[in-house]
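Colleague: Can you take me through this model, starting with the ligand and then the packing?

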Amino acid sequence: MTPDFAGHARIMALADLVTPMSVRTAVTLRLADHLDAGDLTADDLAARTGTAPRPLRKLLDHLVHLGLLRAGEGRYGLTDLGRLLRRGDAPMGPFDQLDLDTVLGRTELSAVHLLHKVRTGQSVYHGMYGTDLWSHVDGAQGTPDALKAQLAVPAGFDIDVLLAHPVLARARTVVDVGGNTGALVEALLTRYPELSATLIDLPSFAGAAAQRFAAAGLDGRAAALGQDFFEPLPPGADVYVLSAVLADWDDDAAVRLLRNCALAAGDTGRILVSEVSLTERLRHVDTGMTLWFEAVMHHPDRSPDDIAALAAEAGLKVAAVEQAGTRIVLELHG
Ligand SMILES: C[S@@+](CC[C@H](N)C(=O)[O-])C[C@H]1O[C@@H](n2cnc3c(N)ncnc32)[C@H](O)[C@@H]1O
């Protein structure tokens, strides 16, 4: 049989790891920003970026091959495409996920552990860090600075169906369990002036949330507690929100977390479980992104019935289910 060289070359191109890492290295070194004022030699660029000239030159040549740079008379310059890599001083730009010096950029590298997800069902982060993403990020160097940049980020996808939920409109106190850096709490307290909130998250996220609340003048009405949400939660609030949290956990852990909320909510509190599933929107148009969500979360697309079954196991009843766009909200009570 004659070897199919063209076919083999196509497969190797599909499997290439060098090009994705070249783009990330270029972004991390901010090469486009250095070249923005004019063309430079490899030695100039090495001096400006504090890098080793020989490997840098090979990187630059590959970036020329990719159409991001052009070369002439010993100098390198930006192409129109390469100009798009300029990052400027934006606090949180589109390339943060490519910057290998950031927590976000490093977590993106977990894609190389896709096999771990497919073999074990655990998120790729377990393959890379031996733990879940959040515990890793919470303890990682650079996290507090990375989270500062995130404080400008508003609450997530199709959030209105959660913000406008009748249970929240009636509430005086809410606990946002796994509230991250506080975007949802800020949006809720802005919308409902009588409401006060406690956010629960791992210490570095809670610390960033506290900064957000202080900057927004909400610190009198919003507290941020750094604790494990599997430990006892502050009891007696009107509403406990779990937004985009359960997707990270297997069924056993999700039931434990729901039971923990049920214990704190007692007979009178309500629990709102809100999950975001992008799968329906993306399944046919972007299989890569759909796979990515599957890789990084434990279960990115539980249906309302799936969540109701977990709630029943935790001794909770479903009072109402709402769905809008990519978001579902289940109202639960004991
Ligand atoms: C996907 S984020 C959801 C953030 C937010 N609720 C939202 O709607 O965008 C999951 C959050 O759960 C937090 N988390 C994960 N494990 C935790 C734990 N054991 N204890 C407390 N928070 C935890 C993470 O730090 C993260 O902020």
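Predicted model: local features only at pLDDT ≥ 70, side-chain atom pairs only at ≥ 80, totals over all residues.

Colleague: Fine. Which residues come nearest to the ligand?

Modeller: G178, N180, D201, F229 and S243, out of 13 residues around the ligand.

Colleague: What is the make-up of that shell: how many nonpolar, polar and charged?

Modeller: Six residues of the shell are nonpolar, four are polar and three are charged.

Colleague: Which part of F229 lies 2.8 Å from a ligand nitrogen, backbone or side chain?

Modeller: The backbone, through an N or O atom. As for cover, the ligand has 590 Å² of accessible area on its own, and the protein covers 86% of that.

Colleague: Packing, then. What is in the largest nonpolar core?

Modeller: It has 31 residues, and V177, F229, Y240, L242, L258 and I271 have the most contacts inside it. Among the elements that give two or more residues are β3 (173-177), β6 (239-243) and β7 (270-276).

Colleague: Which element gives the most?

Modeller: α16, with nine residues.

Colleague: What does I271 touch, leaving aside neighbours within four places in sequence?

Modeller: Its contacts include Y240, L258, C261, A262 and L330.

Colleague: And the second core, how many residues?

Modeller: 25, in a separate core that includes A206, A222, V239 and L272.

Technical notes:
Residues numbered from 1 in each chain as written. Heavy atoms only, no water. Near = heavy atom within 4 Å. Polar contact = N/O pair within 3.5 Å; in protein donor to acceptor, adjacent residues only side chain to side chain. Areas by Shrake-Rupley, 256 points an atom, 1.4 Å probe, with all protein chains shown as cover. Nonpolar A, V, L, I, M, F, W, Y, C, P; charged D, E, K, R; others polar. Core = buried A, V, L, I, M, F, W, Y, C linked by side-chain atoms within 4.5 Å. Buried < 20%, exposed > 50% of the residue type's maximum accessible area, 1.4 Å probe, protein only. Helix = DSSP H or I, 4+ residues; strand = E, 2+ residues; numbered from the N terminus. Contact = heavy atoms within 4.5 Å.
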